[in-house]
Amino acid sequence: MSRPRGAALSRIFLSHSSADNAHTIALRDWLVSQGWSDLFVDVDPERGIVAGERWERALNEAASRCEAVLVLVSKAWIGSRWCMNELNLARRLNKRLFGVIIEDGISVDDLPPDVTGTWQLVNLAAGRDHSQFRVTMPVTGEELHVTFSQEGLRRLKIGLDRAGLHASFFRWPPENDPARPPYRGLRPLEADDAGIFFGREAPIIKAIDQLRGLRDGAPPRMFVIIGASGAGKSSFLRAGLYPRLMRDTRHFLPLPIIRPERAALTGEGGLLRALEGAFTAANLTIVRAELRKAVQGGAAALKPLLDTLVETAKHGEIEGEAASKPPTIILSIDQGEELFLTEGQDEVQPFLTLLRDLILEDAPAIIALFTIRSDNYERLQEAKAFDGIQQTPFNLGPMPKGSYAEVIRGPLRRLEGTARALRIEDRLIDELLEDLEAGGAKDSLPLLAFTLERLYEEYHAAGQLKLEHYEQLGRVQGAIEAAVERTFRAADADPGIPRDRQSRLALLRRGLIPWLAGIDPETGAPRRRVARLSEIPAEARPLADLLVDQRLLSTDVARDTGEKTIEPAHEALLRQWGMLKGWLTEDAGLLTVMDGVKRASRDWAANRKDRGWLIHTTDRLAAAERLLERRDIASLLEPTDREYLEASRKAETAARARKRRAQSLVYLLLLGVIGGLVAWINQGYILEQWRWWSTARPFVAANMWPYALDPAAERALKPGNSFRECVSAPGRDYCPQMVVIPAGSFSMGSSALDPGNQPSERPRHQVTIAKAFAVSKYPVTFDEWDSCVDYGECPRGITDSGWGRASQPAINVTWEDAQRYVAWLARTTGKPYRLLSEAEYEYAARAGATTLYPWGDEIGVNNANCKGCGSQWDDTQTAPVGSFAPNAFGLFDMVGNIWQWVEDCVHENYDGAPTDGSAWIDGGDCKNRIVRGGSWNNTPVNLRAANRVGTSRGFRDNLLGFRIARTLTGP
């Protein structure tokens, strides 16, 4: 297909000896006549600069634009030191080199032996089919004549066409899709769209240069394209790099692109499909079973098949070239973040191991090429399979604003002269760019893309896209609303997201306000916020993830903390998404009040918390306190803000108290008489208060309050840290030691194929625990229980069945007993202690394992206490806590020894179970509660991590105990 004239075409540098200026001018004129008008040729001897120096500087300065270097080879060129310097520079920059022999009698043997293997050579001096070119020399005006071989020129044109990187060098629309739209919306562009992929020319050149450098280097080779969500990484790979590498058959052999999804090996976009596609493209017949067997056999079995592909590949050599090394296989993995989803890990780890083994050594040479979101790159860096392998990162930043106009106009130029020709008003382009510029967002590219898609779909039949069309769509707003509807349709596939629209809207609102959208108190205009992803309510995160997929939200990693952040992709989203704009209008008052509280709190704290800086009083204070009724908005209040409100309330209360003091004295005598009567009626309460003040409070004040974590210490906790919020006395534990458990996701329950599975454990479902929490290192012991008996409200008389107290697990406790204990501990420490949810229990028990037991699929020997576990306590009695090895989270006795109460009501199976790790207390049978873990007299099947049993909340037995959890505000 011919290239359209007038487009920005290939950038070519010519290296030549000054003795060959006439040939250089003749070749320049021929290149211009063929459409290559963007050239660098230095043939002006009057400039006073040595040619080699000027050429080198120009190439260095334009490295991101130069696509090919043509070396005019003559005896003078071979003997020139400056020409050799130019060649070495081009090689260091990994530029594609074409050797053009312009003097008869020169052979490959005359050229530097270390470079001929990487050149594409064409001989313009050989043969009898010469054409004559008349040239006029610069400065002197002298007219000379030069001849070039017509066949040589034809072969050079073929080579340059293949090297062409600009979109105009690619056929579009593709022959198999003549009606393909020029704007692809939010979908990644594919190889068929290479002809309309504009705005990324410089990064494409840079990436291909770096890949050439990797090819020339030693293994292993990993190239990682990194960018924020919405940067266009997939399109860059699929429509930018991939089709251009496909043309460079001399150097590269790209296999079809892999997308891991949930099956990196066998999925629709997995490795097997990529291999099948590669063999089909090479016209080689191989059955899938053989490919699967090779993949299962590892690198040693797969490499011979890959060698076959390399040997079959056409090198695209031009006549007269020296033999070159075989092309390097490019194994591309798009959306590499999918490798770290919980689903599909059974295929991911073998895939990564196989990939590592493939790239460690050549034969054949392989480059593993990834695209991955910047917020996931650290996981790829730390993947065990790639330990010790150097990765070459390639940062794909936001598209320069100046390139957006080309993104709009470029695709329409490809329709010129066809029946689908389409014009676009300059006014529309200006308004689009102005709207995008107004927000200043890094994610403007996808916002522009789906706006253009909507415009094309609705109005292309008119033959022109106009500003009035853009207005009729509601500017960016219409495209945004369409994306929201796609979000809701995608939500239908997630059972954890409510089905009815109103519930979804409420969930969406909780996820957006105030975390990602607020109000500027000075102007009243909406403003976007950057939030830590951990701040978004857990139940709203699945919808937030879908909004990221639709490019309405974008994620990144904070450079200073390394923490994952989330924000609206564009400020226009807040201004033009009607629903969000309405929510912000409704909440504007509260959001403005919150901003006022934060400012006043900051001033109060800066002035040593002087009462004179408490400016919230009467109605203004009442308005501020109404913030606390909206948990979502109140969540943004820092501890100092809350302390400020509390101080303001105390000051307000004190002011009112002074006014009432006089009249209070009048009623003092009457209140004394009434008080005596109340005391006689409430003897039990008074005795309880007496016990608290005389016994319990002194103990708590001395042994617990000083050891409770302050907010700073709590925020500093990291997964795996342990703490105890009471005194650690020799020989006596007054409260449990807690271990911080990381946030994470896991598959809860069992499948019908798992040994020992029960219907109540199905369906297996994905659970995401969005925030770290703490779990007691051991089940609650009698030492810890007896502290509550002695200094709290836990009932006396709980027997140890004759097995001892101290470090033995507390047994014979009911669910209500366990609740009394956590209530006492919460009250005495001031911290949110509680029972675990069932999901938290299984997550903590598994500690990342997917096997039947935390340590594997077999019960083994002396891993736990049960009937058949091989311990000294089997089927006899409880073991002291900590008698067996801990799991990967550092928790002891999560299975075996005793059953342990959790918060959840009994449900017969997991249909409708929460997916956020919360306790399931809606519906079901709440007179009965779930116990987990299995006990000393149960068989191993009851110790499976997925096993669950329900029993009466009042049941008391020496098989039963409990452990506790604590909600954290820090990690």
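Trainee: Let's start with charges. How many salt bridges does the structure hold?

Mentor: There are 45 salt bridges in this predicted model. To read one, look for a side-chain nitrogen of Lys or Arg within 4 Å of a carboxyl oxygen of Asp or Glu. Take glutamate 725 and arginine 966: their closest N and O atoms are 2.8 Å apart, and they form a salt bridge. This pair links distant parts of the chain, 241 residues apart. Glutamate 725 sits in the loop between strand S20 (722-723) and strand S21 (728-729), while arginine 966 belongs to strand S32 (residues 964-967).

Trainee: Is glutamate 725 buried or exposed? And what about arginine 966, buried or exposed?

Mentor: Buried means under 20% relative accessible area. Glutamate 725 comes in at 0%, so it counts as buried. Arginine 966 is also at 0%, and therefore buried.

Trainee: Which ring does the charged end of arginine 966 sit over?

Mentor: That would be the ring of tyrosine 833, with the charged end 5.8 Å from the ring centre. You'll find another case at arginine 247, whose charged end sits over the ring of phenylalanine 170, 3.9 Å from its centre.

Trainee: Back to salt bridges. What does glutamate 425 pair with?

Mentor: Glutamate 425 forms a salt bridge with arginine 427, and the closest N and O atoms are 3.4 Å apart. Glutamate 425 is buried at 16% relative accessible area, whereas arginine 427 is exposed at 52%. Then look at arginine 796 and aspartate 790, whose side chains meet in a salt bridge at 3.7 Å, N to O. Here arginine 796 is exposed, with 59% relative accessible area, and aspartate 790 is partly exposed at 28%.

Trainee: Which residues are linked in a network of salt bridges?

Mentor: Pick out Glu838, Glu842, Arg846, Arg932 and Arg948; salt bridges link them in a network.

Trainee: Now the rings. How many aromatic pairs are there?

Mentor: The count comes to 17 aromatic pairs. For each pair, check the distance between centres and the angle between planes; planes under 30 degrees apart count as stacked. Phenylalanine 699 and tyrosine 791 have ring centres 3.7 Å apart and planes at 0°, so this pair is stacked. Phenylalanine 699 is buried at 7%, and tyrosine 791 is partly exposed at 23%. Ring pairs also join Trp785, Tyr821, Trp824 and Phe962 into a cluster.

Trainee: How many residues are in the largest nonpolar core?

Mentor: It has 99 residues, and Phe223, Phe236, Leu241, Leu455, Leu512, Ile566 and Leu580 touch the most other members. Apart from that core lies another, of 47 residues, including Leu339 and Ala383.

Trainee: Last one: which way do the side chains of S3 point?

Mentor: In a regular strand, side chains alternate between the two faces of the sheet. In S3, Ala68, Leu70 and Leu72 point one way and Val69, Val71 and Val73 the other, and all are buried.

Trainee: In what sense do S3 and strand S4 pair?

Mentor: S3 and strand S4 (residues 97-101) pair in the parallel sense, over five bridges. Valine 69 has leucine 97 in S4 as its bridge partner. Strand S1 (residues 11-15) pairs with S3 in the parallel sense too, over four bridges, and leucine 14 stands opposite leucine 70 in S3.

Methods:
Residues numbered from 1 in each chain as written. Predicted model: local features only at pLDDT ≥ 70, side-chain atom pairs only at ≥ 80, totals over all residues. Heavy atoms only, no water. Buried < 20%, exposed > 50% of the residue type's maximum accessible area, 1.4 Å probe, protein only. Helix = DSSP H or I, 4+ residues; strand = E, 2+ residues; numbered from the N terminus. Phe/Tyr/Trp six-rings, centres within 6.5 Å; stacked < 30°, edge-to-face > 60°. Lys NZ or Arg CZ within 6 Å of the ring centre and 35° of its normal. Core = buried A, V, L, I, M, F, W, Y, C linked by side-chain atoms within 4.5 Å. Pairing = 2+ DSSP bridges.
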